[in-house]
Structures are given as C-alpha cells and as structure tokens.
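Look over the sequence and the fold first.

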Amino acid sequence: MFLSQAPEKKAELVYLYDTANWTDYTVKVHALKSTSLTIGAERLAGQARLLEQAGKKENIEYIRHSHSRLMHLYDEICDTIAGL
C-alpha cells in the first residue's frame, strides 16, 4: 500500500513545496513520518521528522535545503519495495 500510494503522496509534497504552503507541507511530512515508521523506513521517517519540526518552527530555510533529500529517500524506499 505504501508503494501504491507513493506517486500521489509525492506529488502532494512537491506541490505544497512548490507553492510554499508550509502548513499543509508540515502535515504531509508528519503523515509520511508515521507511515514510514510502520514499514520500518527509519531514515525516511527521520528526515520527515526533521522537516516536520522545521515546519512547526517556520524554519523555511531548512525545508528548502532538505526537501530534495526527503524526496530522494522516498524514491529509494519505493525502489526497494518494488524490488521485493
């Protein structure tokens, strides 16, 4: 289910990032953190946690700096799952 929902979830994150909707972005990275933990994707969850904290603190500079890392880890996890 994580893999099948990934394209939509990634598109939402990209859209929210591109439109600078930091409130909803923070909510979505929180959800990604939670779902990542349920499948054991701890690195992805950790990155999402850091972005969630940055969103709550309105640290937009950190979000801008770290968003691409989150997306890269998300892709890595999806590729790993697809290969199982």
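Q: How many Å does helix α3 reach from its first C-alpha to its last?
A: This is a predicted model, in which local features need pLDDT of at least 70, side-chain atom pairs count only at pLDDT 80 or more, and totals for chains, interfaces and linings use all residues. Residues are numbered from 1 along each chain as its sequence is written, and side-chain values use heavy atoms, with hydrogens and water left out. Helices are DSSP runs (H or I, at least four residues), numbered from the N terminus, and the expected span is 1.5 Å times one less than the number of residues. Helix α3 covers residues 42-56, 15 residues with an expected span of 21 Å, and its reach is close to that: 21 Å.

Q: Which residues of α3 are buried?
A: Buried means under 20% relative accessible area, exposed over 50%, and partly exposed in between (1.4 Å probe, protein chains only). The buried residues are Leu44, Ala45, Gly46, Gln47, Ala48, Leu51, Glu52, Ala54 and Gly55.

Q: Is Lys33 buried or exposed?
A: Lys33 sits in helix α2. Beyond residues up to four places away in sequence, Lys33 touches Ala45, Ala48, Arg49 and Glu52. Its relative accessible area is 17%, so Lys33 is buried.

Q: Which residues does Thr26 contact, leaving aside neighbours within four places in sequence?
A: Thr26 belongs to helix α2. Its relative accessible area is 9%, so Thr26 counts as buried. With those neighbours set aside, the contacts of Thr26 are Glu52, Gly55 and Lys56.

Q: How far apart in space are Ser34 and Ala48, C-alpha to C-alpha?
A: Ser34 is a residue of helix α2. Its relative accessibility is 32%, so Ser34 is partly exposed. Ser34 and Ala48 are 14 residues apart in sequence, and their C-alpha atoms are separated by 8.9 Å.

Q: At what angle do α2 and α4 pack?
A: Two packed helices are described by the angle between their axes and the distance between the axes. Axes are lines fitted to C-alpha atoms, for helices over the stretch in contact, and angles run from 0 to 180 degrees between N-to-C directions. For α2 (residues 22-38) and α4 (residues 60-82), the axes are 13 Å apart and the angle is about 35°.

Q: Which residues make the contact between α2 and α4?
A: Helix α2 supplies Trp22, Tyr25, Val29 and Leu32. Helix α4 supplies Ile60, Ile63, Arg64, His67, Leu70 and Tyr74.

Q: What is the phi of Ala20?
A: Ala20 falls in the loop between α1 and α2. Its relative accessibility is 35%, so Ala20 is partly exposed. Its phi is positive, in a residue other than glycine, and near 55°.

Q: Is Glu58 buried or exposed?
A: Glu58 is in the loop between α3 and α4. Just after α3, Glu58 takes a positive phi of about 55°. Its relative accessibility is 65%, so Glu58 counts as exposed.

Key
Helix = DSSP H or I, 4+ residues; strand = E, 2+ residues; numbered from the N terminus. Contact = heavy atoms within 4.5 Å.
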